[in-house]
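Thanks for coming. Please have a look at it first.

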Amino acid sequence: MNRWYQLRTETVVALGGLALAWQLASYFFPPYLFPPIPAIVQKFLAIFIDQESLANAGATAARIFAGLIGSFLLGITFAFLMGRSERVYRYFYPILNFIQGVPALSWVVIAIIWFKGTEPRILFIMVCTTLAAFSFQMLDAYRSMSKDLFEMTLSFRPSRKELFRTLILPTIVPGILTAWKVNLGNAARVVVVAELVGATGGIGYQLLKQQQVFDMAGAIAWTLVLVAFVLVVQQAITLVENWLLAYRPRAERSA
């Protein structure tokens, strides 16, 4: 409990110091560079009051979830196939490694050329930029399973369903949850780039509008909305992780 309280206190102090430094800078620079904190807060709260703004935020959230779900399903399929077959691994690994090395902006250009609709473009970009990470993280989680424990479990002659439920699933769940938390942040960054280029709605599109009128307060407000979304979802994943993995002992870290 003391550790939790200390962490929360340090977080508040750090963010409060950052806000104070920003507010002090607003006294010496024009508003289009450093708008005052009250102006940013006003813009931030206005987003949750206006229905059109909420619709834009919801559109971005839906795109993030759609892309992550698609890449997760493909990634876990590829990881399973590579984990079961060394030949499949030798063919799939270089392809996924190549995909991972392609910059997000390149996928944006390819998507614009290949697809006409906005949603297919963004879904394609999201899947391509997170697929390799999901695949490799799932594969590492699958391969982290203890060989001795696997052989001991097989000695009890379990069915495939029992083997998956008692050994494989508990082994890969931590990796799955970690992959979601990591790729959530990556997806949030990528979707903004995709919306900046070809969307007519969403947080990225709103950031583009703020840039066109040099409204720094609005740009910061929309950025904070995206950050808040990522933090809330990551916290939800952490709660699920704590519930599913409550059986694991926790090591106490020193301050």
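How do the residues of the lining of the second largest pocket divide into nonpolar, polar and charged? They divide into 13 nonpolar, 1 polar and no charged. Here Ala, Val, Leu, Ile, Met, Phe, Trp, Tyr, Cys and Pro count as nonpolar, Asp, Glu, Lys and Arg as charged, and the others, Gly among them, as polar.

Before going on, the basis. This is a predicted model, where local features need pLDDT of at least 70 and side-chain atom pairs count only at pLDDT 80 or more, while totals for chains, interfaces and linings use all residues. Residues are numbered from 1 along each chain as its sequence is written, and side-chain values use heavy atoms, with hydrogens and water left out.

The protein has 10 helices and 0 strands; these are DSSP runs numbered from the N terminus, H or I of at least four residues for helices and E of at least two for strands. Of its 255 residues, 35% count as buried, meaning under 20% relative accessible area with a 1.4 Å probe and protein chains only; exposed is over 50%, and partly exposed is in between.

Back to the pocket. Helix 10 gives the largest share, 6 residues, and helix 1, helix 2 and helix 10 each supply at least two.

Helix 2, residues 37-47, also holds P38. P38 is exposed, at 54% relative accessible area. Its C-alpha lies 9.4 Å from that of A217, 179 residues away in sequence.

Next, F214, in the loop between helix 9 and helix 10. F214 is not a glycine, yet has a positive phi of about 55 degrees. F214 counts as exposed because its relative accessibility is 61%.

Last, helix 5 (104-114) and helix 6 (118-143) pack at about 145 degrees, with axes 9 Å apart. Axes are lines fitted to C-alpha atoms over the stretch in contact, and angles run from 0 to 180 degrees between N-to-C directions.
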